[in-house]
Amino acid sequence: IGFHGQTIFHNPQEKITYQLGDGKLLSQILKKKVIYDFRQADIQNNGQGAPLTPIFHHILSKKINKKYNLKFPIGFLNIGGITNVTKVINDSDNFQNNLSAFDIGPGNCLIDEWVRNNCNKKFDTNGELSKVGKVDELILNQAIDNFKINSYTQSLDIKNFDVSFIRGLSLEDGCATITDFTAYLIAEGLKHISQKNSITFLICGGGRKNGNLIDRIKNYISNENNITLENIDNYNLNGDYTESQAFGFLAIRSFLNLPISFPNTTGCSIPTVGGRYVENF
């Protein structure tokens with residue numbers, strides 16, 4: 001079993017990453033071999049501990065290229081709590097030179113927090129709240145000016161963001177403004193990693209279901225003729241499970257003592273075999 005757990009604190013500068021979940025107990029209860037604690041080894045090798053999914057994205061890109069003739073480079077845009085992006089340049093297995101990846105900003109975390117703080121819902125289903133709200137342009141532009149991402153070398157944690165900048169707005173207007181802010185940061189990240197190459201990004205993660213968020217991202221990249229966004233589900237893959245499948249794949253690589261992170265994906269010093277193996281039964 002590949003068991004990632006739920007991240008509750010992530011600070012690679014302090015070499016700390018905490019995930020809820022006890023791999024040893026899971027192994028004992030289910031009587032299975034378990035790989036867990038995927039991020040710590042990367043952080044100890046001066047990496048950011050994230051994102052770890054690019055090696056799995058590489059495998060998916062080769063299958064998609066072969067089955068659907070989608071041309072390289074192929075990108076993966078994963079909109080979870082935080083948004084990360086992967087670019088696979090070609091089908092070579094030289095992972096160090098073929099993969100680049102980084103976190104590019106918030107995904108669902110700000111929208112979810114605002115909704116949970118201001119009504120009895122847990123998230124903005126299909127972007128319905130933000131669609132009826134009005135973007136406060138003054139607050140949006142101030143937020144954009146105040147949160148400049150000058151470098152994509154640092155991984156992000158949901159605690160890097162908060163919703164205080166939109167206090168005083170209505171539920172719907174706040175949702176619309178946060179969604180636009182999130183979309184802007186994602187679009188800037190896509191522009192950065194594409195480097196003017198023609199590239200199709202396959203969207204996975206829960207954020208792909210927020211139609212208004214996706215529309216706002218497309219609006220911000222409307223002048224970028226080289227960037228195309230598509231839902232990963234269009235390629236006979238379930239975008240809800242891309243991340244969990246990735247950690248199953250990473251667990252096997254860890255078990256075989258193969259690296260799961262690379263200098264071009266997490267900033268680690270050397271390709272790193274992550275994950276701790278336990279057989280507690």
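Me: This is a predicted model. How many of the residues of strand 6 are buried?
Reply: Strand 6 covers residues 82–88. The rest of the structure largely encloses this strand, because the buried residues number 7 of the 7.

Me: Which residues of strand 6 point the other way from Ile82, Asn84, Thr86 and Val88?
Reply: In a regular strand, side chains alternate between the two faces of the sheet. Ile82, Asn84, Thr86 and Val88 take one side of strand 6, and all are buried. The other side, also buried, belongs to Thr83, Val85 and Lys87.

Me: In strand 6, which residue is the bridge partner of Phe76?
Reply: Strand 5 (residues 74–79) pairs with strand 6 in the antiparallel sense, over 6 bridges. A hairpin of 2 residues joins the two strands. Across this pairing, the bridge partner of Phe76 is Thr86.

Me: Which residue in strand 7 stands opposite Thr83?
Reply: Strand 7 (residues 99–106) runs antiparallel to strand 6, and 7 bridges join them. Opposite Thr83 stands Gly105.

Me: Is helix 5 roughly parallel or antiparallel to helix 8?
Reply: The axes of helix 5 (residues 109–118) and helix 8 (residues 171–194) come within 9 Å and cross at roughly 170°. Angles over 145 degrees count as roughly antiparallel. That angle therefore makes the two helices roughly antiparallel.

Me: How many residues of the contact of helix 5 with helix 8 are charged?
Reply: Helix 5 brings residues including Leu110, Ile111 and Trp114. Helix 8 answers with residues including Cys175, Ile178 and Phe181. The contact holds 8 nonpolar residues and 4 polar ones, and the number charged is none.

Me: Which residues is Leu250 in contact with, leaving aside its neighbours within four places in sequence?
Reply: The largest nonpolar core has 23 residues, and Leu250 is among those that touch the most other members. Helix 3 (54–68), strand 5, strand 8 (199–204) and helix 10 (242–255) each supply at least two residues of this core. Beyond those sequence neighbours, Leu250 is in contact with Phe38, Leu52, Ile55 and Ile260.

Methods:
Residues are numbered from 1 along each chain as its sequence is written. This is a predicted model: local features need pLDDT of at least 70, side-chain atom pairs count only at pLDDT 80 or more; totals for chains, interfaces and linings use all residues. Side-chain values use heavy atoms; hydrogens and water are left out. Buried means under 20% relative accessible area, exposed over 50%, partly exposed in between (1.4 Å probe, protein chains only). Helices (H or I, at least four residues) and strands (E, at least two) are DSSP runs, numbered from the N terminus. Two strands pair if DSSP finds at least two bridges between them. Axes are lines fitted to C-alpha atoms, for helices over the stretch in contact, and angles run from 0 to 180 degrees between N-to-C directions. Angles under 35 degrees count as roughly parallel, over 145 as roughly antiparallel, 65 to 115 as roughly perpendicular and the rest as oblique. Contact means heavy atoms within 4.5 Å. Ala, Val, Leu, Ile, Met, Phe, Trp, Tyr, Cys and Pro count as nonpolar, Asp, Glu, Lys and Arg as charged, and the others, Gly among them, as polar. A nonpolar core is a set of buried Ala, Val, Leu, Ile, Met, Phe, Trp, Tyr and Cys residues joined through side-chain atoms within 4.5 Å.
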